[in-house]
Every structure is written in C-alpha cells, then in structure tokens.
Amino acid sequence: MVSTRIRNTAGKLGLPHLAEIIREYTRRADEGKMGYLDFLDLVLSEKLAVRDDFRFRLGRRLSKLPHHKTLDEYDFSFQPELDPRKVKDLATLSFVEGKANAALLGPPGVSKTHIAVALAAKACRAGYSIYFTSLDDMVRYLKATETAGRLTHKLGTYLRPGVLVVDEVGYQPLERAEANLVFQVISKRYEKGSIILTSNKTFSEWGQVFGDKVLATAILDRLLQHCEVISINGPSYRLKNRLQAIERENDVA
C-alpha cells in the first residue's frame with residue numbers, strides 16, 4: 001500500500017501517476033538488483049515519457065491536423081517514381097531545424113496531404129508547435145479579420161507555429177487582395193519558421209493561382225530559397241482504394 005505521504009509528495013512534484021505505480025517500480029528494482037541511481041533514472045525516465053506524451057497529445061489537438069498519419073502507412077510501392085529516400089530525408093526534420101520549407105506537388109489523390117501530415121506529426125513529437133490549414137481556409141479567415149480590423153492578431157495564428165502546413169494550394173484561384181494576404185504570411189515567416197505545403201499546380205502555374213505573376217514570383221522567391229521540393233506524378237491513391245472497394249463489393253455480390 002502506498003503511503004499518504006508518498007501520494008502527497010508525488011502530487012506536489014507533478015507526479016500523481018507515480019504513486020500508483022511505485023510498487024511496480026520497486027518490484028522491478030528488486031528483481032534487477034538496481035542501485036539507487038538506476039532506480040532514480042527509471043523514475044525520471046517515466047516522468048519524462050509521460051510529460052512528452054502529454055505535450056504531444058496537446059500539440060496534436062491544437063495543431064488542427066485532420067487525421068493521424070505516419071510515413072510507415074504510406075504505400076511507396078504505388079508511386080514507383082517517388083524516391084522514398086527524399087521523403088525519409090525530410091523525416092529527419094533537418095529542414096524544420098533550419099527553418100526551411102518543404103513542398104509536395106502532384107495531381108489530386110497521390111497522398112500529398114498524407115505525407116505532409118505525417119511530417120507535421122513527427123515534428124510535433126519532436127517538440128515543435130504545428131498548425132494545419134488549407135489555403136482557402138487561411139485566406140477566408142484572414143479576409144474576415146481584416147474586415148473586422150483584427151488582421152494583425154489573426155496573422156499570429158499562422159506566424160507563431162514552428163511548422164505551418166498549408167494544404168491544397170491551387171485548388172481555387174485567388175484574387176489579388178487575397179494573394180497579398182498569403183504573401184504577408186510567407187514573407188513574415190521567411191527564415192523564422194517552416195512551411196510544409198501541398199499543391200496540385202506546378203510552380204509555373206502559380207501566376208494563375210494567385211492572379212498576379214509578379215506577386216506569385218515574390219511568394220515563390222521567399223518560399224523556394226530554402227525549400228525541399230518533391231513531385232509525385234503517379235496514379236491516384238484514393239482512386240486505387242475506391243476501385244479495390246468496388247471489386248470487393250462485386251466479389252461479395
């Protein structure tokens with residue numbers, strides 16, 4: 001039975017869970033004939049693991065990531081033209097450490113967002129703050145706050161995170177005023193934080209996306225100066241899954 005004194009002390013130290021498992025720790029220490037320092041290391045390691053897991057779960061919730069994906073779940077064999085080593089290099093997070101960017105380009109359905117989310121989740125696990133948004137959502141919120149006179153405050157949503165994920169660049173063309181809002185985010189984050197973006201358009205088409213070739217060039221200039229670019233030009237992964245589901249339904253029928 002754990003004493004009340006141990007429970008109270010553990011609670012004051014921010015280790016309430018420790019009182020519940022101290023008997024298991026002492027059992028393992030006895031079986032392993034641990035010294036005092038080894039036992040202390042065991043307890044501190046548990047505290048660190050619990051803290052890191054809490055921080056990760058909180059960071060994931062605040063990040064607005066749409067789902068939890070890992071690179072282990074990505075079927076690289078379905079995209080033979082995609083070199084897995086390039087993605088794994090990004091997964092080292094060296095680009096995040098260097099406040100650089102990553103761009104994932106390709107047609108709809110090739111799981112660009114899957115890779116972006118997996119990289120963001122890994123960065124979150126490593127202790128970086130994350131925020132996920134589609135380009136359309138970001139522009140809509142910035143326009144609304146600009147109209148309300150609170151643009152500077154809302155910009156902070158996209159400037160504070162260590163990693164900003166901007167999904168679906170190019171699905172809807174922007175007006176010049178909207179593109180200027182995007183430019184403000186890109187330019188203010190330049191060399192201060194990382195951006196992971198996905199786009200179904202090549203960079204040569206961004207003039208059409210942003211409604212102004214000069215403004216698009218200014219955005220690309222800041223985005224690409226420190227940027228890893230990965231193009232995925234294979235078949236649709238979503239279509240593959242849908243076709244497989246239809247085949248299974250036909251087999252059952």
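Visitor: What is the relative accessible area of Arg140, and how is it classed?

Guide: Arg140 has a relative accessible area of 46%, so this residue is classed as partly exposed. Buried means under 20% relative accessible area, exposed means over 50%, and partly exposed lies in between (1.4 Å probe, protein chains only). The model is predicted: local features need pLDDT of at least 70 and side-chain atom pairs pLDDT 80 or more, while totals for chains, interfaces and linings use all residues. Residues are numbered from 1 along each chain as its sequence is written, and side-chain values use heavy atoms, without hydrogens and water.

Visitor: With which residue does Arg140 form a salt bridge?

Guide: Side chains of opposite charge can pair when their charged atoms come close. A salt bridge is a side-chain nitrogen of Lys or Arg within 4 Å of a carboxyl oxygen of Asp or Glu. Here the partner of Arg140 is Asp137, with the closest N and O atoms 2.6 Å apart. Both residues belong to helix H7 (residues 135-147) and are 3 residues apart, about one turn of the helix. Helices (H or I, at least four residues) and strands (E, at least two) are DSSP runs, numbered from the N terminus. Asp137 is partly exposed, at 28% relative accessibility.

Visitor: How many salt bridges does the structure hold?

Guide: The structure holds 5. Among them is the pair Lys143 and Glu178, at 3.0 Å from N to O. This pair links distant parts of the chain, since Lys143 lies in helix H7 and Glu178 in helix H9, 35 residues apart. Lys143 is partly exposed at 36%, whereas Glu178 is buried at 12%. Another salt bridge joins Asp83 and Arg85, also at 3.0 Å from N to O. Asp83 is partly exposed at 23%, and Arg85 is exposed at 60%.

Visitor: Which backbone atoms does the side chain of Asn101 reach?

Guide: A polar contact is a pair of N or O atoms within 3.5 Å; within protein, one must be able to donate a hydrogen and the other to accept it, and residues adjacent in sequence count only if both atoms are side-chain atoms. The side chain of Asn101 reaches the backbone nitrogen of Ile195 at 2.9 Å and the backbone oxygen of Leu223 at 2.9 Å. Asn101 is in strand S1 and is buried, with a relative accessible area of 7%. Its contacts (heavy atoms within 4.5 Å) beyond four places in sequence include Phe95, Arg222, His226 and Cys227.

Visitor: What is the span of helix H11?

Guide: The expected span of a helix is 1.5 Å times one less than its number of residues. For the 12 residues of H11 (residues 213-224) this gives 16 Å, and the end C-alpha atoms are 16 Å apart, which agrees. At the start of H11, a side-chain oxygen of Asp212 comes to within 2.9 Å of the backbone nitrogen of Val214. The buried residues of H11 are Leu215, Ala216, Ala218, Ile219, Leu220 and Leu223. Their cover includes strands S1 (101-105), S4 (194-199) and S5 (227-231), together with helices H9 (176-189) and H10 (206-209).

Visitor: Where does Ser111 lie, and what is its phi?

Guide: Most residues other than glycine have a negative phi. Ser111, although not a glycine, has a positive phi of about 70 degrees. Ser111 lies in the loop between S1 and helix H6 (112-125) and is buried, at 14%. Glu191 also has a positive phi, near 60 degrees. Glu191 is in the loop between H9 and S4 and is partly exposed, at 45%.
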